Amino acid sequence: MHTDTALVEARLARFVRDKLEPAVYRDAHPLTATAWVAPGEPVPFAEAIAQPFDPVPLGWRWGRAWSTVWFHVTGTSPWADGPPEGTRAEILVDFGYNRSRSGFQAEAFAYRPDGTPIKSIAPLNSYLPWAGGPIDLYLEAAANPDVAGDYTFEPTPYGEWETSPEDPLYSLAQLEIALLDVAVWELSRDVWTLRGLMAELPADSTRRHVVLRALEDMLDVVDPTDVSGTAAAGRAALAPALAAPANASAHRIVATGHAHIDSAWLWPLRETVRKCARTFTNVMTLMDEHPDFVFACSSAQQYLWMKEHHPAVWERITIKVAEGRFVPVGGMWVESDTNMPGSEAMARQFIAGKRFFLEEFGVECEEAWLPDSFGYSAALPQIVALAGEKWFLTQKISWNQVNRMPHHTFWWEGIDGTRVFTHFPPADTYISEISGAELAHAERNFSEKGRAGISLVPFGWGDGGGGPTREMIAAAHRTADLEGSPKVTIGSPRSFFEQAEAEYPDAPVWSGEMYLELHRGVFTSQLRTKQGNRRNEGLLREAELWAATATLRTGAAYPRAELEAAWQDVLLLQFHDILPGSAIAWVHREAERRHAAVSATLERIITDALAVLGSADGDLLAVNSAPFARAGVPALGAGSAVAGNAVDSTEADGGHVLDNGVVRVVVDAGGRVTSLVAHADGREAIPVGDPAAALRVHRDLPNLWDAWDLDAHYRRTVTELDIADEVRLDRDADGTARVVSIRRFGDSTIELAVVLRPAADAVELDVAVDWREQERILKLAVPLDVHADRVAAETQFGHLFRSTHVNTSWDAARFEACQHRFLHVGEPGYGVAIANDSTYGYDVDRRTRSGGGTTTTVRFSVIRAPRFPDPESDQGEHRLRFRLRPGSAIADAVALGYDLANPVRAVRATAPVLPIVTSSHQAVVVETVKLAEDGSGDLVVRLYESLGGRARTTLAFDGSADLAEVTDLLERPLEGEPTAAGAALDLDFRAFQIRTVRFRGVVAR
């Protein structure tokens, strides 16, 4: 029997390859093409078709990487009275690409002569429908290179226009109009579905043999020399096998049309705009043909691109959204990274996205949709809920290297206790074809079997776009109720979540971050992109604060449009292949330019606002945008700073001792910190014989995914940069002392300055790197004489604790993690806070000392040098700053992080600038001060409890107000929350709770 089965399968495979698939199209006729090669960047349709087009033959080589070629395709339909019954006329185009996947090679967008989009052409979806009449259309063909290739991760020149070879990549291999034989195509879909099902059924199952015999009967009745004439008979032979209903207990799957389009990755942002237009047009063409087809699309940015660049596509989208067929999901500006964006930026992803969907479509998204981001912050559940959403979906955690997440459907609890109903599609893909293998895997893999019975599968070509195809929809229809298969229904994410939550309301709980046990290098790759993000997050906070203060105190115009545009740029550049540093060089060079432009705009807004608040003939005052008072200056205000005494310095053992009366630091002859003591407690923070500010270089060659991954074996090779080529003591005019050491390694130079400022309670480490290494990582090590079994790492609106030990496989797998502005390493009664201005990756461990006790060492990842997809990543000059505060609590760490992120500015004014708002409890931090999004002039303040405990604060506006009320992130009143008539509101906070307060009818003092 086994031999017989194998023979039938071999017979079937050859029939499909050699007879069935070639018979899908027949009666082909060539078409004529002329072409115009765009000289550089893409141009609009009207400009392109006005250019001179030259004849091109079949086989014409075209397409230098990233170029655009416009083809004008003409011809006469050979079927004057329309195509014969049972057929459809379709134009077939082949650009000479391989057909392994869509979205990573040449693509084309087809237009009618009046500029109306028709459909796109890509591998695995290379036809255009033609309704009859003379053939006249234009193809905007994008010669996108397959940068990834077979993912060998070899350095590629294709990541930038300037370095890409000029040789053409593609050829015009096919251009003809032919007849699609509908019966043959339908038979091919029947066979594809049953073959896929049969491959997943147990070898000895009755159902498998029933399917096998049906396929064998089909082979007997279909004449290989006349597939078209006998296709109906073949379908009839398969009909009973396709009609057998699924078991009552079969797993149920909601299949949602999807096209996860990376907003930039192995292509630049401008190409994503075209990918969206091509994909969305394909999708809407399918909707016209299949009434039940539903397509879910996230990322407000991508919709906005259509509105701005492709109005005809946008117009169709608005119609399909109104029909409930084109479904906005996620409610975010882009599918961003969620580990590295700062507090307000993470909130703004939802605020900006949801506002767009509400204002343009009247759609309230209720599901966070992040299938491909690289791990998920523990603060996210609360942010999702405060944005008015209640569900969360991702697939990426299935990529974990070591530990399998125990659930597919569960409640996810964040750091404040908020829970959102969460689903991981057990098909383990967001680009499903709805194949038998994928459906069977979803059912086998589903963790909740016996308690729940439904899952979601996103189907459609993704990453590079393309979206669902008619073949995928056919697969969904054939598996709607098929014995041996899960039951598939095409539906929206909302329809899935409503069913899943109703079926399994008491699902288990996962608490804390969802750490991805892969792609740990993204916390460090492309430092300039990360620094631009951190810098602009801080500048946006300052710009909104001072602009709102200036508007309310002086009546100055609030720069709403400029601030919104700046936010949109920053949010776009937080996309999960941009901020993580895993895109091609083109993307990161553009990110750096855009960040620089945003910074310039924000600096101007800040300068203008402070000028309005001050007076050119006034005294020089210090401006403090941080939410904590410092140096005699109030939080969120300006005043006269208290100067400290100059730092004392003495030489000792070839090194230097710096002392400002608050902190004493000893720097050895190699420029490393051997002692750090706060005078307030006199305790040594640095372990004997294990200096801090130690620089270490490791070999960094991941097994896969160069820019993404940092594999654990990097620790096995290390070069200690313990000898300095030069050490000197410098002094600044304000009394600051700095010990500067210079080290050279390979072709790189590293300058480390240990800096102590007058009256400062922290020592600074200023690292300037001219980095010329590749496939190496630089770490900055800070050993501490602290017995810590965990460290506190800042995340959005709070912090979370991570173990310093590796008791479990989960601990061991988390060997590189993300922090924002601070880490706190503590034991009962003592701790050390470490702040940074621009890095995210770190690792920590605890070691036994020879004399007893343990040392806790934090190592910050300073810079990497992966070669794929950007072979020149991180080359050049960089500067990073750190601060170490001994004898500190977590509250001090919070303040230290804000202090470093919000440098003191200067303004001339005749009187102090009073804070526009104040919070009475130190633990309740004012994160954001701005004017309302709706242009009403109301003041909006966002606060959070920062220490992980209960707190009660009075939030007061400096002036009068008609009403103070608590709102959601979209500034809509929350039912049951406190309100107050007037300019002050008493608020109770639970640990890490975020609250947004809106003051209506404000008049500043």
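Contact means heavy atoms within 4.5 Å. The model is predicted: local features need pLDDT of at least 70, side-chain atom pairs count only at pLDDT 80 or more, and totals for chains, interfaces and linings use all residues. Residues are numbered from 1 along each chain as its sequence is written, and side-chain values use heavy atoms, without hydrogens and water.

**Exercise 1. Describe the chain as a whole.**

Solution. 
- Start with contacts between residues at least 6 apart in sequence: 74% of them join residues at least 24 apart.
- Next, take the radius of gyration (over C-alpha atoms; the globule rule is 2.2 Å times the number of residues to the power 0.38). A compact globule of 1005 residues would have a value near 30 Å; the chain has 31 Å, which agrees.
- The C-alpha atoms fill a box of roughly 95 × 65 × 60 Å along the principal axes.
- Then check burial (buried means under 20% relative accessible area, 1.4 Å probe, protein chains only). Of the 1005 residues, 63% are buried.

**Exercise 2. Work out the order of an open sheet and find its edges.**

Solution. 
- Count the elements first. The chain has 18 helices and 54 strands. These are DSSP runs numbered from the N terminus: helices are H or I with at least four residues, strands E with at least two.
- Now follow the pairing (at least two DSSP bridges between two strands). Six strands form the open sheet, in the order 3-2-5-10-7-8, with antiparallel pairing.
- Strand 3 (54-56) and strand 8 (117-121) are the edges; each has a single partner strand, so one side of each has no neighbour in the sheet.
- The twist averages 30° from one strand to the next.
- Look at one pair. Strand 2 (residues 32-37) joins strand 3 over three bridges, in the antiparallel sense. Here Ala33 stands opposite Val56 in strand 3.
- Helix 6 (residues 269-289) lies across strands 5, 7, 8 and 10, at about 110° to strand 8. Axes are lines fitted to C-alpha atoms, for helices over the stretch in contact; angles run from 0 to 180 degrees between N-to-C directions.

**Exercise 3. Locate the nonpolar cores.**

Solution. 
- A nonpolar core is a set of buried Ala, Val, Leu, Ile, Met, Phe, Trp, Tyr and Cys residues joined through side-chain atoms within 4.5 Å.
- The largest has 209 residues; Phe280, Phe326, Val917, Leu939, Phe957 and Phe999 have the most contacts inside it.
- Helix 16 (residues 585-613) gives the most to this core, ten residues.
- Zoom in on Phe957. Leaving out residues up to four places away in sequence, Phe957 touches residues including Leu552, Ile916 and Ala983.
- Another core lies apart, with 52 residues, among them Val739 and Leu756.

Definitions and conventions: Buried < 20%, exposed > 50% of the residue type's maximum accessible area, 1.4 Å probe, protein only.
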